[in-house]
Amino acid sequence: MPQESTVNVVLIGMGAIGKGVVRHLHAFQDGNSSPLPLGIALHSVIDCVPDQKDRAEKRDFLDRYFPSAGLFFANDESASIEKLKKIFAESKAEGRSVVVIECTGSLELAKLFDFCLASKVPVITPNKAFLAKNLYVLDAFREGKVPLLFEAAVGGGMPTIKLLRDMFGSDRIRLIAGILNGTTNYILSAMEKGCEFGRAIEKARERRLAEPFRKDWKVETDADLSGPDAYAKISLLARLAWGCAAGDGGADSKSHGLSASFIRRSDLRYAKEKLGHAIRFVGVARQVTNSSGKRSIDVFYSPVMLPAGHELCRVDGENNALLIASDFTGTTLGVGPGAGPSPTANAIVSDLLYILRERAMHPEAIGLAAGAAQRASAPELTINKFDDVEFEGYYLRFVVKDRPGLVGHIAKILGDTGIDIREVLQLEHTAEEIQDLLKSGHLSSGSACALNYLPFAMTVERASVRKVREAVGKIMDSLARENVPGVEPVIIPLLDIPRVNGWQKRIGPEELEEWSIEAASSLQGNKFSVDLFPGRYNSTEKSRAVEILNAEAKQIEAKNACVKRIFLSAPDSIDESLNQVIKDHQGRGVIVRVLNIDSARKYLRRTEDGLLTDFSVYETREVGIVELAGERSDGGMVKQDRGYQVYGSAELDRYIKTFQTLWDFAEVPK
Ligand SMILES: NC(=O)c1ccc[n+]([C@@H]2O[C@H](COP(=O)([O-])OP(=O)(O)OC[C@H]3O[C@@H](n4cnc5c(N)ncnc54)[C@H](OP(=O)(O)O)[C@@H]3O)[C@@H](O)[C@H]2O)c1
């Protein structure tokens, strides 16, 4: 039996998403003409279509699904309010309640929202741009006990808002990091697969990836790739997590992220081949505490480099992802379609069902049920300006007309600005690649001349964005003064964010023993084994590990194999016992103990300072690699079958390169 309709739904804005909502509401119908479950009827649609032909097209569309629904045209907010007044009054007279679904994408909606609030009419919206600019409406609806639901505003069909509001209602959130714009992620993924930047954008357009290709979105501009769209989303999430107001999501992209529009495939290569990282556009909101204990929030949307094995780097194509790190739950990750009419409409209609269910269960407290878990605004928590955000390190990529002493000159300016260089990275580049890099900075040059330009990259230590920008500004000024042409450097922060619990497992001594035996039995002649010590061990574990390694070394020696060892471990694992291992095997095989990247760096410095006296490599032969378990999948999952994820393969490559550098530095006895 069809249920009598008791709820009139009014849809404002029938574009891509509005039409999706109409189709989705219809899909709920039991048979062709019966009202929807829970007594929902699409009462009317208000749209703003100036063109007569388009109006006819919209009527036809609506007739296909809800022929009895009214279709009205309103050119602005006031006209929509006038129409709503009539609908609210009529519905009241008929004893029906109203829910408004706003799908216009407009920013001029403050009066309309106020009007719905004053009329006690619940509102559902996917309009993150409006909400992020008008966060006060969240408080106003909560205080007025009127439901305002916006699940579709962030992540389309991927659960985000309800997840934060309901699942983390009693938790203390530390960090939220998300891939929040499917198009930019799609562009990056395509570039990773070998597509040039321009072609990747074209492909995204061909696929009509919805949100960013709205008329006001010009992909060529900086504002798009470091997107106000995603910044609005992360601002909303920050508001839900901490009650803080991240403010204007639109204005100046430089104020909330670093430029992404110059990123080219070469940068992806530097990230992968030299750093073991991948580039992702990530929206981050995280709580930081300064040295005097004052809490504040960083909110930004920027291209960043993450270790290639990080879960967010596996989010491919137009998918979105949201990682939440909190005190009680640990780290969780959701991945799913972030846009498109179907997932977005489903989120909107699910919000509608939520309101109706809550109303059925708590008629007197409906607004409370839908909004109470939202944190009240917390103005005491300040949002840091993007310039003041500190990152763990940065990748800087330059393309400058080559001349002697260039790298040293740039390094000096960085040093004078108080920025420490970690490493200088250089890849081989074809003339075409250099040409492409020059074009990205609007510099043109024939392909023969392109070879006169030197692309190179540097990584630098922890600093604030302001400081790095200042240093890069000084570099550019100095090069301009000396008439050295070059393109604006690309700056990409190196971001350190938690991984999902359980995906990264510390390897205990037992596993180590097992691994070592396997390694020993597979090790032959001129090969070296790689032992992975990804975690920090306590002293008992360490000495046990050393015992095992010693025993293993002896076993290998018994087979007359040459032993070259890399210890990838925490700096403090380089202790007396390991030195002892080296001494014990001196002259009998090759044992190189080392290091995670931090300690490798330390050791490199110590070498430069002439302090690295005890570091020895006793034999050089061709280096081959025995992989521990003989398994190394794309993601670098070593021993995946036992649930370990150690390092991404690219990261492992990086360690090996570091090792080779150390090898080069080390004094090799004849
Ligand atoms: N597209 C996605 O995948 C996606 C995903 C998540 C969230 N969203 C959000 O969903 C909303 C709608 O996006 P969309 O892609 O559907 O946009 P769209 O295709 O441009 O549709 C918007 C519709 O609203 C109409 N409109 C604009 N201002 C109006 C007003 N003041 N009163 C009545 N109608 C008005 C537009 O008419 P005219 O064309 O004549 O201007 C158009 O028909 C946006 O807030 C967007 O951020 C979209």
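Helices (at least four residues) and strands (at least two) are DSSP runs, numbered from the N terminus.

**View 1. The whole protein in a predicted model.** The protein has 23 helices and 19 strands. It counts 670 residues, and 44% of them are buried. Among the contacts with a separation of 6 or more, 79% join residues 24 or more positions apart.

**View 2. Helix H3 packs with helix H4.** H3 spans residues 77–93, and H4 spans residues 110–118. Their axes lie 9 Å apart, at an angle of about 20°. H3 is therefore roughly parallel to H4, since angles under 35 degrees count as such. The crossing of the two helices, H3 and H4, is right-handed. H3 brings Glu77, Ser80, Ile81 and Leu84 to the contact. H4 brings Lys111, Leu112 and Phe115. By class, the contact of H3 with H4 holds 4 nonpolar, 1 polar and 2 charged residues.

**View 3. Lys145 has a positive phi.** Lys145 is not a glycine, yet its phi is about 55°. The residue sits in the loop between helix H6 (136–143) and strand S6 (148–149). Lys145 counts as partly exposed because it has 17 C-beta neighbours inside 10 Å. A buried residue needs 20 or more, and an exposed one has 12 or fewer.

**View 4. Asn483 has a positive phi.** Asn483 is not a glycine either, and its phi is about 55°. Its place is the loop between helix H18 (465–481) and strand S16 (486–494). Asn483 has 7 C-beta neighbours inside 10 Å, so it counts as exposed.

Conventions. Residues are numbered from 1 along each chain as its sequence is written. This is a predicted model: local features need pLDDT of at least 70, side-chain atom pairs count only at pLDDT 80 or more; totals for chains, interfaces and linings use all residues. Axes are lines fitted to C-alpha atoms, for helices over the stretch in contact, and angles run from 0 to 180 degrees between N-to-C directions. Angles under 35 degrees count as roughly parallel, over 145 as roughly antiparallel, 65 to 115 as roughly perpendicular and the rest as oblique. A crossing is left-handed if the near helix is turned anticlockwise from the far one by less than a right angle, and right-handed if clockwise. Two residues are in contact if their C-beta atoms, placed from the backbone, lie within 7 Å. Ala, Val, Leu, Ile, Met, Phe, Trp, Tyr, Cys and Pro count as nonpolar, Asp, Glu, Lys and Arg as charged, and the others, Gly among them, as polar.
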